[in-house]
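This report examines one protein model together with its ligand. Please keep the sequence and the structure in view while reading.

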Amino acid sequence: MAQTVAEQLVEVLCQAGVERIYGLVGDSLNPIADAIRRRNDIEWIHVHNEEAAAFAAAADAQLTGKLAVCAGSCGPGNTHLIQGLFDAHRTGAPVLAIASHIPSTQIGTGYFQETHPETLFAECSHYSEMISRPEQMPRVLRIAIQHALGRGGVSVLSLPGDVSALAATKPTAHSDLVSARPAVVPHASQVEQLATLLNQARTVTLFVGAGIWNARDEVLELAGRLQAPIGHALGGKEVIQYDNPYDVGMSGLLGYGACYQATNEADLLVLLGTDFPYDAFLPQTRTVQVDHDPARLGRRTVLELGVEGDVGETLRAVLPLVEQKHDRRFLDTMLRRHCESLERVVDAYTRKIERHVPIHPEYVAAVLDEVAADDAVFTVDTGMCNVWAARYLTPNGRRRVIGSFRHGSMANALPHAVGAQFAYPDRQVVSMSGDGGLSMLMGELLTVRTHQLPIKTVVFNNGSLGMIRLEMMVAGYPPFETDHGSVDYAAIAQACGLRGVRVDKPADVRPAFVEALREPGPVVVDVLTDPNALSIPPHITPAQVKGFALAATRTVLDGGVGRMIDLARSNLRNIPRP
Ligand SMILES: Cc1ncc(C[n+]2csc(CCOP(=O)(O)OP(=O)(O)O)c2C)c(N)n1
């Protein structure tokens, strides 16, 4: 029997090393689903909402760097993909989405379930095309894969169900797909300019993002050469914060420590591999930026110099030209300020925390950090879980933290965990879920059950949309429609066939986590947490907030900082005595 377009598609995916497709079947997908059913080198991963399929693929691709695939049936089946595809695309995760389509002869007739996926997904993809004839295959599929892998992000193929059932006309053959991406080498003249600016500046601060993932050693070496504090955006935290004698914390609304001062008070700010979006936190002057993507240069702040280059390549080129600075006063002042600012909040955090009911969420995160494995993968819901992860998860170079840090979508943590666990079946995967986030894609507990994924879902159950509640209060609005009352997620987990544990006493947090992490199968730990964990200091009025928005927000978010204080203290001890 001749090969069908669907079979050809699956064959090419297997050639590209794809081991699974996350999705939910539907009639227009039948030829593809059936082609997968008949092979044993690729699996169909059944999820309960296509949005989760796209999030799972995003996490899988992000963690492995390999192509991940998701699929939805025609119309609503694929419109559900959009949230996770935006997340994947903005994160640069190589994801191919197969959006199956209504019968090709019905397109343009207002047919049942008709949408136009090739335009619908244009904004969240590098490449979005429709296959309307078998002759386009397998070439268009390979182009789509190449866009996702080569540019980092999403490609979408819209494929009418009737076309996928037709006989393939072109040989499948084998074509190489380039997956190893070359590093962008900066122009020599820019390297020289960078060296001149670094040498001329009296004081320098480095501010780094996820783009330094392969340049940690070089960044530390540059900081040592320049006596420069290193601050980071959330994306850079897992790479740079640990064992870093120059660490001054994080900037942004979730930030802590002396990062804001260090970035604003240096003679020269150097942005390395960061597209940190909050321009209000940047000094807007005296800035140089290094990024492999020239479109990012200068889009947050005016630049004295923008260098197009991979951070590692650029720093290796510039380091031989950078003179050793000997004046450590700026660095030491910032390290002291950093430690002081963390010390201030540690007190507030430790007081009576082990007896506080409802349980303080910071305590929950701190205990989780202590008991989780050294190579755990944490997935983090948008909302207050982002704050807890940023402050309490201690990076070490082996742990990974995945969130919807650029798209900022709720409900990402559990489906991200699904993708993470498929990518790494033997690693501990912990979903830090808000109760709002979990309830939004709660059906994915059934996905966990169906595939018996050993994910540990920790619900920060504060009975409210906590982040929004806080934002309303900061902006001077009374909380409105943010509280949804108490729900027993442990009981829901049990009804889904999972182990569910409810924790309402601080003393039970640690034993519950230790036991859940030891358990070989999935567990949901539902922890009743305090919705008022971050209380507003009474002296801040709405008028003050408007006038001093940054400072006030930072005060409000000045929670504890977990084990980071140990690093800050030890860095202070390392300051050489005169
Ligand atoms: C899909 C989506 N809807 C709405 C928002 C706006 N939003 C951001 S955080 C948040 C509240 C999250 O609540 P929950 O998951 O309970 O976490 P908490 O902040 O209480 O820890 C909302 C509504 C969003 N980011 N994404």
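## The ligand and its surroundings

Which backbone atom lies 2.9 Å from an oxygen atom of the ligand? A backbone N or O atom of M467 lies at that distance. The protein covers 79% of the 590 Å² of accessible area that the ligand has on its own; accessible areas come from the Shrake-Rupley method with a 1.4 Å probe, and for residues only the protein chains shown count as cover. Further polar contacts (pairs of N or O atoms within 3.5 Å) involve G466, with a polar backbone atom 2.6 Å from an oxygen atom of the ligand, and M410, with a backbone N or O atom 3.2 Å from a nitrogen atom of the ligand.

The model is predicted, so local features need pLDDT of at least 70 and side-chain atom pairs count only at pLDDT 80 or more, whereas totals for chains, interfaces and linings use all residues. Residues are numbered from 1 along each chain as its sequence is written, and side-chain values use heavy atoms, with hydrogens and water left out.

There are 16 residues around the ligand, and G408, G436, G437, G466 and M467 come nearest; a residue is near if one of its heavy atoms lies within 4 Å. By class, this shell has five nonpolar, 10 polar and one charged residues. Here Ala, Val, Leu, Ile, Met, Phe, Trp, Tyr, Cys and Pro count as nonpolar, Asp, Glu, Lys and Arg as charged, and the others, Gly among them, as polar.

## Nonpolar cores

The largest nonpolar core has 47 residues, of which W388, M432 and F513 touch the most other members. Such a core is a set of buried Ala, Val, Leu, Ile, Met, Phe, Trp, Tyr and Cys residues joined through side-chain atoms within 4.5 Å. Buried means under 20% relative accessible area, exposed over 50%, and partly exposed in between (1.4 Å probe, protein chains only). Helix α16 (residues 384-392) supplies the largest share of this core, seven residues. Helices (H or I, at least four residues) and strands (E, at least two) are DSSP runs, numbered from the N terminus.

A second, separate core of 45 residues includes V418, L453, I455 and A493. In soluble globular proteins, nonpolar side chains tend to be buried together.

## An enclosed strand

Why is strand β7 (residues 204-208) described as largely enclosed by the rest of the structure? The reason is that five of its five residues are buried. V204, L206 and V208 point one way from β7, while T205 and F207 point the other way. In a regular strand the side chains alternate between the two faces of the sheet.

Strand β7 pairs in the parallel sense with β11 over five bridges and with β8 (residues 230-232) over three bridges; two strands pair if DSSP finds at least two bridges between them. V204 stands opposite L268 in β11, and the bridge partner of V208 in β8 is H232.

Most residues other than glycine have a negative phi, and most peptide bonds are trans. A cis peptide bond joins M137 and P138, with omega about 5 degrees, and P138 is found in the loop between β5 (127-130) and α7 (139-151). The bond from V357 to P358 is also cis, with omega near -5 degrees.

Q113 is not a glycine, yet its phi is positive, about 65 degrees. Q113 counts as partly exposed because its relative accessibility is 28%.

Key. A polar contact is a pair of N or O atoms within 3.5 Å; within protein, one must be able to donate a hydrogen and the other to accept it, and residues adjacent in sequence count only if both atoms are side-chain atoms.
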